[in-house]
Amino acid sequence: MRAYTHVAARQIGLIVTDPIAVNDESAREDDLTPGLNDAAGWRDWRRICRAVQASDCRIAAQLCHAGMLCRSGKAAGPSGIDPVSLEHLGESMSRDRIHEVARAFGEAAGIARRIGFDAVEIQGGQGGLIEQFLNPATNKREDEYGGDAVSRTRFACEVLHAVRKAVGRYFPIIFRLSFRSRTEGVAETPAELESFLRHFCDAGVDIFACSGQGAHEPAFHGAPLSVAGWIRLLTQRPVITDIGADTSSLRLMQINRALRAGEFDLVALVHALAADTI
């Protein structure tokens, strides 16, 4: 709790928690990943929320599922492919299991709202289960959850629908996407990217968060706009971009220039704040 309150006191507008696993046997990457599974954990998170909000800051619960990154249980993913080694190491999820996990996200989001969080962030990047469905290298399914880029959004959208149903119409939902390099594997043109993103918007996303080196690079050849900028332009939703590890004066000037130009709305200082709390 001290780390969260320390950050809140630094005039930060919004804190997004470390990953919180939903209630599923393969949701935790390891035994250190927190969850929302019991009353004792709820009390701890409620105290954190109140302490952060006392500093005029807001806090969002980042909900995650490790999928094939699970080291503390039985790993499972869209096709049983490890996102690091790209080896087939686990189970391909059945349709029933997919529905169960989507419901688990909804249940966790409902708990987060009741505890006192101001928003939830659905972890759709960082190699987790949702990204494993979005990534063609780890999703080789031939049913409705695999195939082209739009079809691979089906699981993420099912999660988002469950979350929206659980938290209601006006509770903010943030959806995080990771881009390692441009939009390769997702879209070759702005029109394709818009088609990809539209499904998330229709499923209830209020804010997009972008992370990864690719989020700062021009999304398409011949156009200078970054991935974050294109998402902002195409969806008309607020966008958070991660400043990354480079906090040099030049980098901060570039970020400030892009912020003023309206490419994104909020800047995440993940690495800088992590270093400050060590």
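Which residues touch the most other members of the largest nonpolar core? Select Leu63, Val120, Ile122, Phe175, Phe200 and Phe208, which hold that place among the 72 residues of this core; a nonpolar core is here a set of buried Ala, Val, Leu, Ile, Met, Phe, Trp, Tyr and Cys residues joined through side-chain atoms within 4.5 Å. Buried stands for under 20% relative accessible area, exposed for over 50% and partly exposed for what is in between, with a 1.4 Å probe and protein chains only.

The model is a predicted one, in which local features need pLDDT of at least 70 and side-chain atom pairs count only at pLDDT 80 or more, while totals for chains, interfaces and linings use all residues. Residues are numbered from 1 along each chain as its sequence is written, and side-chain values use heavy atoms, with hydrogens and water left out.

Helix 3 (residues 95–115) gives the largest share of the core, with 10 residues; helices (H or I, at least four residues) and strands (E, at least two) are DSSP runs numbered from the N terminus. Apart from this core lies another, of seven residues, including Ala119, Ile207, Ile240 and Ala268. In soluble globular proteins, nonpolar side chains tend to be buried together.

Now centre the view on phenylalanine 208 and display what is in contact with this residue, contact being heavy atoms within 4.5 Å. Leaving aside neighbours within four places in sequence, phenylalanine 208 is in contact with Phe175, Leu177, Leu197, Phe200, Cys201, Ile231, Thr235, Arg237, Pro238, Val239 and Ile240.

**Across the parallel strands**

Select strand 7 (residues 173–178) next, where six of six residues are buried. Ile173, Phe175 and Leu177 lie on one side and Ile174, Arg176 and Ser178 on the other, so that both faces are covered. In a regular strand the side chains alternate between the two faces of the sheet.

Strand 6 (residues 119–123) runs parallel to strand 7 and is joined to strand 7 by four bridges, where two strands pair if DSSP finds at least two bridges between them. Within this pairing, glutamine 123 has arginine 176 as its bridge partner. Strand 7 also pairs with strand 8 in the parallel sense, over five bridges, and there phenylalanine 175 stands opposite phenylalanine 208.

Continue to strand 9, which runs parallel to strand 8 and is joined to strand 8 by three bridges; cysteine 210 has threonine 241 as its bridge partner. From strand 9, Val239 and Thr241 point one way and Ile240 and Asp242 the other way, and all are buried. Three bridges then join strand 9 to strand 10 (residues 266–268), again in parallel, with threonine 241 standing opposite valine 267.

**Serine 211**

Stay in strand 8 (residues 207–211) and pick serine 211. Is serine 211 buried or exposed? Serine 211 counts as buried because its relative accessibility is 4%. Its side chain makes a polar contact of 3.1 Å with the side chain of serine 178; a polar contact is a pair of N or O atoms within 3.5 Å, where within protein one must be able to donate a hydrogen and the other to accept it, and residues adjacent in sequence count only if both atoms are side-chain atoms. Not counting residues up to four places away in sequence, serine 211 touches Gln126, Arg176, Leu177, Ser178, Phe179 and Asp242.

**Aromatic pairs**

A search of the whole structure finds six aromatic pairs, in which rings of Phe, Tyr and Trp (its six-membered ring) have centres within 6.5 Å, with planes under 30 degrees apart counted as stacked, over 60 as edge-to-face and the rest as tilted. One of them is phenylalanine 133 with tyrosine 145, edge-to-face at 6.4 Å centre to centre and 70 degrees between the planes. Phenylalanine 133 lies in helix 4 (residues 129–134) and tyrosine 145 in the loop between helix 4 and helix 5 (154–167), so this pair ties together parts 12 residues apart in sequence.

Select phenylalanine 196 and phenylalanine 200 for another edge-to-face pair, at 5.1 Å centre to centre and 90 degrees between the planes. Both lie in helix 6 (residues 190–203), four residues apart, about one turn of the helix.

**A last stop in a loop**

Finally, select glutamine 236, in the loop between helix 7 (227–235) and strand 9 (239–242). Glutamine 236 has a positive phi of about 60 degrees although it is not a glycine, and at 56% relative accessibility glutamine 236 counts as exposed.
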